[in-house]
Amino acid sequence: MTRLLIMGPPGSGKGTQASLVAAKFDIPAISTGDIFRANVSEGTPLGVEAHKYMSAGEYVPDSVTNDMVRDRLSQPDAKSGFLLDGYPRTVSQVDFLDKILSEQHASIDRVIELVVDVEEVVSRLLRRAAEEGRPDDTEEVIRHRIELYFEQTEPLTAVYDARDLHVRVDGTGSVEDVAARIAEAIDA
Ligand code: B4P
């Protein structure tokens with residue numbers, strides 16, 4: 001059974017690496033950002049709510065995000081393992097995830113933190129903005145998302161460090177190089 005978390009600032013390559021790791025372990029990659037974006041494009045009530053926050057680079061409230069993750073983790077494909085990409089992002093989300101997992105008599109096996117310099121992530125996201133036009137990829141919103149990450153999410157790595165689950169992985173270089181480093185970190 002493999003239950004993994006991947007963390008890192010916006011643009012650190014979480015989504016890119018999550019799909020590679022998930023394919024390798026044959027587990028679903030569950031990205032809260034992707035679930036929100038799918039709801040936004042389908043115009044569901046959840047999407048309408050999430051869009052208000054995402055377009056400004058704010059976190060969607062925990063009350064919305066936590067229930068959505070609980071639902072997703074209760075689906076059959078997540079029973080034998082998963083990779084969570086972009087969740088938890090706040091202290092309350094860590095507590096909530098602990099609760100869900102303890103109800104399932106399960107636990108996290110490894111927390112991967114992708115480490116990439118701020119100016120490198122800004123330039124990656126500006127490139128993505130030019131290529132894909134994601135509405136939360138304007139420079140002002142990108143810088144706000146990065147600030148929020150260091151203020152609210154990066155401190156969570158200490159929680160997982162204390163549990164001996166956290167590994168830092170250099171997220172610079174080619175996608176293949178980063179993937180190889182992650183594979184090593186998971187096996188270690
Ligand atoms: P996310 O979808 O998680 O967006 P992100 O942080 O920008 O990361 P993403 O996975 O898309 O980008 P990646 O680093 O892979 O969240 C979006 C928003 O949703 C949040 O701001 C928030 O509003 C909301 N949200 C999501 N989860 C939430 C939660 N738990 N609680 C509250 N709100 C939540 O890649 C970025 C770019 O880098 C790509 O273009 C990629 O091609 C490129 N790249 C990747 N690896 C590279 C490499 N090695 N070299 C060069 N470029 C690379």
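## A tour from loop to ligand

Start by selecting Pro88, which is found in the loop between β3 (81-85) and α5 (91-103); helices (H or I, at least four residues) and strands (E, at least two) are DSSP runs, numbered from the N terminus. Look at the link between Tyr87 and Pro88: a cis peptide bond joins them, with omega about 0°.

Before moving on, a word on what is on your screen. This is a predicted model, in which local features need pLDDT of at least 70 and side-chain atom pairs count only at pLDDT 80 or more, while totals for chains, interfaces and linings use all residues. Residues are numbered from 1 along each chain as its sequence is written, and side-chain values use heavy atoms, with hydrogens and water left out.

Next, select Asp26, in the loop between α1 and β2. Asp26 is not a glycine, yet has a positive phi of about 55°.

A polar side-chain atom of Arg145 is 2.5 Å from one, a polar side-chain atom of Arg37 is 2.8 Å from one, and for Arg134 a side-chain N or O atom lies 3.0 Å from one. On its own the ligand exposes 1,000 Å², and the protein buries 89% of that (Shrake-Rupley method, 1.4 Å probe).

Finally, zoom out to the largest pocket, where the ligand sits (more than half of its atoms lie within 2 Å of the pocket's grid points). A pocket is an open set of points on a 1 Å grid over the protein atoms alone, where a 1.4 Å probe fits, with protein on both sides within 12 Å along at least five of seven lines; lining residues have an atom within 4 Å of a point. About 1,100 Å³ of space lies in this pocket. Of its 49 lining residues, Gly11, Lys14, Gly15, Arg128 and Arg134 are closest to its centre.

Terms used
A polar contact is a pair of N or O atoms within 3.5 Å; within protein, one must be able to donate a hydrogen and the other to accept it, and residues adjacent in sequence count only if both atoms are side-chain atoms. Grid points are joined across faces, edges and corners, and a volume is the space filled by probe spheres set on the points.
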